[in-house]
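Please read the following account alongside the sequence and the model.

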Amino acid sequence: MKARSIILDKVRNSKPSFIPLDDIKYSSMVCRTDRNNWWSQFRALAETVGASVIRLDSQHDFQQFIDEYCEGQAIVNLYHHPDAPTLMPLDNTDLALIQSAVMPAAFAVAENGALWLSEKQMGIRVLPFICEQLVLVVNEREIVANMHEAYERITGDLEGFGVFIAGPSKTADIEQSLVIGAHGPKSLTVVILGNGGSDPA
Amino acid sequence: MKKKHAELAEVFNADESMTDWHDETLWWIRQKRDRSAHNIPEWEQLRQWASDIKAHTLSNLDYYLEEFERNAIANGIKVHWARDAAEHNAIIAGIIRENGVSRVVKSKSMLTEECHLNDHLKDLGIEVVDTDLGERIVQLRDEPPSHIVLPAIHLKKEEVSKTFHQKLGTELGNHDPVYLTSAARDHLRERFIEAELAITGVNFAVANTGEFVVCTNEGNADMGAHLAKVHIAAMGIEKLIPSQKHLGVFTRLLARSATGQPITAYTSHFRTPARGRAIHIVLVDNGRSRLLGQEDFRNSLKCIRCGACFNTCPVYRRSGGHSYHTAIAGPIGSILSPNLDLKANADLPFASTLCGSCSNVCPVKINIHEQLWKWRQVIADKKQFGLFKRLSMRVTATVLSSPFVYRITGRMARWVLRNWPAMINRKSINPWYKQREMPEAPKESFREWYVKNGQL
Ligand code: SF4
């Protein structure tokens with residue numbers, strides 16, 4: 001506790017006089033994102049950061065895709081079975097054997113190709129990082145223009161952990177050569193469910 | 001005495017092709033940053049906002065620290081305070097001991113470098129494995145990182161291959177980055193799975209929610225933090241921002257400034273520990289409050305450690321990060337390090353051309369080159385120069401303050417350059433000519449030319 005009060009006192013005595021902060025007006029920004037075209041912009045950016053993006057128009061197509069994509073693999077599908085993790089007794093060694101994980105993303109960001117997942121969507125925090133192949137599913141309507149809008153959506157979301165994921169795990173630490181699959185997934189597939197995808201009605 | 005920047009740069013410059021490669025690679029990253037920034041029409045507005053948010057936070061830092069602490073504790077995070085590097089190391093060692101752990105994994109944190117945490121833990125018999133690939137490479141070589149974002153940028157793949165062959169048993173002579181990265185992946189996966197305790201840095205801490213954000217491309221911070229039972233995050237007190245919505249500004253700027261990516265692959269927000277797990281956060285001062293009290297240098301606390309000022313700096317690019325002999329190299333390190341130890345780091349504010357390129361790229365608009373210039377004045381006042389530099393500065397002052405002496409000296413210098421170049425070209429007398437060619441001396445000075453031709 002001593003360190004705490006000493007640091008706070010020093011900060012109090014050294015800080016400059018108060019500088020007010022105006023509210024930041026994101027809406028005043030010039031924004032190049034064309035609102036009608038968010039999903040194609042999202043797709044372009046997600047591909048730039050190394051993800052593959054497919055668009056499917058019905059639940060049936062989606063199910064077919066998952067069946068083909070994951071055939072014969074150790075897979076956790078949280079899209080159709082959100083309770084799956086609580087049913088599985090998983091220790092670290094078991095988790096490391098998971099080949100594919102499918103999970104819904106809450107929303108996607110057009111300006112950078114990122115998707116937001118909170119604990120609710122990933123079940124176990126390490127799951128989107130430890131699997132070899134990650135599939136994230138997002139509804140076409142759940143795309144926001146930029147990070148300002150993204151944080152507006154997150155505000156009030158009181159979950160313990162959340163992450164923006166943009167592309168698969170990557171590194172360029174050896175001579176700046178880009179290598180995909182540093183520690184986490186070697187691939188990220190983003191499935192965009194078009195109109196009618198998530199609610200066929 | 002510790003070697004100085006100029007001597008260490010000379011060592012780096014000895015390998016000319018390596019120096020060229022280093023220079024070109026960093027310039028290429030700088031260009032990627034430019035393209036990325038130009039894609040955002042509101043870029044300048046974002047920089048201004050980032051700078052304003054930080055200025056406001058610093059002016060109210062005690063309040064935000066307490067607000068953060070309160071919210072973090074309410075979230076179930078254990079908060080610790082450290083006045084200096086020694087306390088930071090002791091707190092972390094204490095948590096490791098309490099948990100009865102002897103091996104830990106650590107993702108990138110420049111603060112733990114600044115505090116020399118690895119050495120401290122090693123002395124206590126605790127094994128620390130750095131999990132960022134670049135950091136793991138330099139750790140296996142027993143070297144410090146040479147860049148805050150690209151820790152192994154001073155190495156070619158052949159050197160990495162040799163190190164991996166010796167330490168990880170990879171094939172001799174296989175220099176393929178894909179092969180080497182996959183070997184590191186397997187090696188580090190084992191460590192992640194066994195690890196009981198993980199240490200990470202903090203990119204941003206949010207006062208109004210008590211959460212903190214960690215950005216990586218590899219996902220190594222998450223692999224460590226989520227697999228281990230205990231997560232310790234080390235954070236400098238300047239990392240705070242007031243509210244979550246401000247993250248929108250910083251997450252747009254950080255990766256674009258660092259590597260030109262639109263965002264890092266993972267931007268992770270830690271708010272509460274997972275069930276049955278623990279998160280500790282260590283709030284570290286280590287000279288930051290002193291910097292806050294100095295008007296001339298306060299702005300350097302806005303730094304978000306993107307590395308853009310490194311990549312653009314003509315001196316950094318040609319002298320290599322290790323020549324700065326401190327944890328944080330480059331232009332910003334040359335401002336921060338004299339605050340930690342003026343005597344040992346008095347050479348660093350001189351490792352700059354003051355061209356201002358660093359200030360131009362800085363996403364939080366720190367007046368980097370002006371602060372370097374200010375440090376030079378402080379250092380001159382405190383007489384932290386060698387005798388030769390003091391004398392030559394006095395001579396320069398005399399020459400520049402008298403037009404007559406200036407003209408005479410100029411004429412003499414041109415005569416010497418034309419007729420007796422060896423006098424000046426001797427590198428032992430004039431270090432300026434190291435790695436440089438001689439200019440050809442003009443016959444007349446500009447003044448003489450102007451007197452003749454000026455009235456045309
Ligand atoms: S001083 Fe500015 S440019 Fe340099 S690392 Fe810090 S934020 Fe980036």
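In what order do the six strands of the open sheet in chain B lie? In this predicted model, the order is β1-β10-β7-β4-β2-β3, and the pairing is parallel. The edge positions belong to β1 (78–82) and β3 (127–130) of chain B; each has a single partner strand, so one side of each is left without a neighbour in the sheet. From one strand to the next, the twist averages 25°.

Within this sheet, strand β7 (residues 230–236) of chain B and strand β10 (residues 278–284) of chain B run parallel and are joined by seven bridges. One position in this pairing can be picked out: V284(B) in β10(B) stands opposite G236(B). Helix α5 (residues 85–98) of chain B packs on the sheet, where it touches β1, β2 (103–106), β4 (197–200), β7 and β10 of chain B. The direction of α5(B) makes about 145° with that of β1(B).

Chain A also has an open sheet, built from five strands in the order β1-β11-β6-β3-β2, with parallel pairing. Its edge strands are β1 (52–56) and β2 (75–77) of chain A, each of which pairs on one side only. Here the twist averages 15° from one strand to the next.

In chain A, strand β3 (residues 100–104) and strand β6 (residues 133–139) run parallel, with five bridges joining them. P104(A) has V137(A) as its bridge partner in β6(A). Helix α2 (residues 38–48) of chain A packs on the sheet and touches β1 and β11 (187–193) of chain A, its direction making about 150° with that of β1(A). Helix α3 (residues 59–69) of chain A lies across β1, β2, β3, β6 and β11 of chain A, and it runs at about 165° to β11(A).

The two chains can now be taken together. Two packed helices are described by the angle between their axes and the distance between the axes. For helix α1 (residues 2–14) of chain A and helix α4 (residues 61–74) of chain B, the axes come within 8 Å and cross at roughly 145°. On the α1(A) side, the contact is made by R4(A), L8(A), V11(A) and R12(A). On the α4(B) side, it is made by L61(B), D62(B), L65(B), E66(B) and E69(B). By class, the residues of this contact between α1(A) and α4(B) comprise four nonpolar, no polar and five charged.

Methods: Residues are numbered from 1 along each chain as its sequence is written. Chains are lettered from A and ligands numbered from 1 in the order in which they are written. This is a predicted model: local features need pLDDT of at least 70, side-chain atom pairs count only at pLDDT 80 or more; totals for chains, interfaces and linings use all residues. Side-chain values use heavy atoms; hydrogens and water are left out. Two strands pair if DSSP finds at least two bridges between them. Helices (H or I, at least four residues) and strands (E, at least two) are DSSP runs, numbered from the N terminus. Axes are lines fitted to C-alpha atoms, for helices over the stretch in contact, and angles run from 0 to 180 degrees between N-to-C directions. Contact means heavy atoms within 4.5 Å. Ala, Val, Leu, Ile, Met, Phe, Trp, Tyr, Cys and Pro count as nonpolar, Asp, Glu, Lys and Arg as charged, and the others, Gly among them, as polar.
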